[in-house]
Amino acid sequence: MDPRPSSVSRTAWLIVGLLFPVALLNYLDRQMIASMKSSVMGEITDIGSEENWGHMLASFKWVYAIFSPIGGYIADRFSRKYTICGSLFIWSLITYLTGHVTSFQELYWARTAMGVSEAFYIPAALALIADFHTGPTRSRAVGVHQMGIYCGVMVGGFAGYAADWPDFGWRGAFDITGLIGILYAVPLLFLLKDAPRTAAEIASPVAKPSVGTAITELFTNPSFILLVLYFTLPALAAWVVRDWMPAILQKEFNISQGKAGVSAALYWQGAALVSAIFGGWLADRWMRKTPRGRIYVSAIGMLCIIPALFGVGNAPSLGSFGLAIAALILFGIGWGFFDCNNMPILSQITRPELRATGYGIMNFVSMMCGGAADWGFGFMSDKGVPLNMIFGVFSCICILSVVLVLMIRPREQVGPRA
């Protein structure tokens, strides 16, 4: 039973609603630059090569990775609300400034700075949702929040058309997106709130963990180590799909930048949006029968991703655009099941005071490896490595992921907000 006052329970879905547009903006700028790659490289000519483009994408992920545990720890130790609002304001300002860069070095450092600022958001936001949504609605609430991410990627998929529009262009897209985020950060500061303490927490206050305590407790937890690996391995493929698929479709099927951007984002993110809601509902329902319910739903999602990656990799050699789209849709279905359950599973194996820190560490490992995958994909593209070979390896990695998630052992109860 939820020990918090009923008024707080009524606020839980409002918190998700307030964070939805923030999640959208958090991923919109990431997808925009992938969808507008041809226009950006055409104007900023000193980017030069696919490897340099991949290096820029990797730099974003690497600094994002480094600062994710820091952002998570700050959210756990101080305030999730102020961490979220500060992150939104700063990354939106950097988004606006990105529309005014004139060289590869300026673009590189703008994306790097954006990686720092955005790193503070996701760990704090998902931990805040987990604080307000106890067991019965947790996966669904996270699923709704993740819908904001998918919507951001889908809207970003249309950025290729904006870049091709002479009166707007890629710079205008960054200007508008940045200004929207800056303006939204102001009311969010007054409307968002941290979860109030429960009666049990007031009666027996829990000390905020030190850095050493947090690291020791998390890294001596075998289930947390398994979750970090499980969270990371599928992300290798996901980041390549998200960052490179517009360029892959444009090149392999000889279609326009606008069509490639929409095709690469709309179908799989739309599928992920629907499956995140259904997967969240299914996981919450399955939890009534077994504490492994969320683990089973996540594993089902991974089983969808495995054949999807084979399809994505082989569609160009078969000359089948339809196969590419069908595989992306299947990938999205699997990703939604996977994505809506990571924080809920983390909440089953760690106490509330370590959730944001734990997710930050998960982001650190995942993004560091994702950055390497982005850079490596650019390098392999320059060397002519076949797509079916690259995505075949990704698919085999996901087979290992299924084994890893099934090895996780959730606890029955972890803290007053478990």
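A search of the whole structure finds 23 aromatic pairs. A pair here means rings of Phe, Tyr or Trp (its six-membered ring) with centres within 6.5 Å; planes under 30 degrees apart count as stacked, over 60 as edge-to-face and the rest as tilted. Take tryptophan 170 and phenylalanine 174: their ring centres are 6.2 Å apart and their planes stand at 85°, so this pair is edge-to-face.

Before I continue, a word on the basis of these values. This is a predicted model, in which local features need pLDDT of at least 70 and side-chain atom pairs count only at pLDDT 80 or more, while totals for chains, interfaces and linings use all residues. Residues are numbered from 1 along each chain as its sequence is written, and side-chain values use heavy atoms, with hydrogens and water left out.

Tryptophan 170 and phenylalanine 174 belong to helix H9, residues 169-191, and stand four residues apart, about one turn of the helix. Helices are DSSP runs of H or I with at least four residues, numbered from the N terminus. Both tryptophan 170 and phenylalanine 174 are buried, where buried means under 20% relative accessible area, exposed over 50%, and partly exposed in between, with a 1.4 Å probe and protein chains only.

A second pair joins phenylalanine 278 and phenylalanine 337; it is tilted, at 6.0 Å centre to centre and 45° between the planes. Phenylalanine 278 lies in helix H13 (residues 257-286) and phenylalanine 337 in helix H15 (residues 321-339), so this pair ties together parts that are 59 residues apart in sequence.

Beyond the pairs, Tyr230, Phe231, Trp268, Phe331, Trp335, Phe338 and Tyr359 form one aromatic cluster.

Charged side chains also meet rings. A charge sits over a ring if NZ of Lys or CZ of Arg is within 6 Å of the ring centre and within 35 degrees of the ring normal. Arginine 30 lies over the face of tyrosine 27, 3.9 Å from the ring centre. Lysine 259 places its charged end over the ring of phenylalanine 321, at 5.4 Å from the centre.

I turn now to the packing around H15. How do H14 and H15 pack? Helix H14, residues 293-318, packs with H15 at an angle of about 160°, with the axes 7 Å apart. Axes are lines fitted to C-alpha atoms, for helices over the stretch in contact, and angles run from 0 to 180 degrees between N-to-C directions. H14 and H15 are therefore roughly antiparallel to each other; the cut-offs are under 35 degrees for roughly parallel, over 145 for roughly antiparallel, 65 to 115 for roughly perpendicular, and oblique for the rest. H14 passes H15 in a left-handed crossing. Left-handed means that the near helix is turned anticlockwise from the far one by less than a right angle, and right-handed that it is turned clockwise.

Helix H7 (residues 138-157) also approaches H15: their axes come within 10 Å and cross at roughly 135°. H7 and H15 are therefore oblique to each other, and their crossing is right-handed. Val142, Gln146 and Tyr150 of H7 make the contact with Trp335, Gly336 and Asp339 of H15, contact meaning heavy atoms within 4.5 Å. Trp335 is also a member of the aromatic cluster.

Several single residues deserve mention. Aspartate 284 is found in helix H13 and counts as buried at 5% relative accessibility. Leaving aside neighbours within four places in sequence, aspartate 284 contacts Gly135, Pro136, Thr137, Arg138, Ser139, Arg140 and Arg294.

Glycine 71, in helix H3 (residues 50-77), is buried with a relative accessible area of 0%. Its C-alpha atom is separated by 4.3 Å from that of phenylalanine 120, 49 residues apart along the chain. With neighbours within four places in sequence set aside, glycine 71 is in contact with Thr83 and Phe120.

Proline 410 is placed in the segment after helix H18 (387-406) and counts as buried at 18% relative accessibility. Leaving aside neighbours within four places in sequence, its contacts are Pro291, Arg292, Ile295, Gln348 and Ile349.

Finally, where is asparagine 254? Asparagine 254 is in the loop between helix H12 (222-253) and H13. Although not a glycine, asparagine 254 has a positive phi of about 55°, and it is exposed, with a relative accessible area of 72%.

Definitions and conventions:
Helix = DSSP H or I, 4+ residues; strand = E, 2+ residues; numbered from the N terminus.
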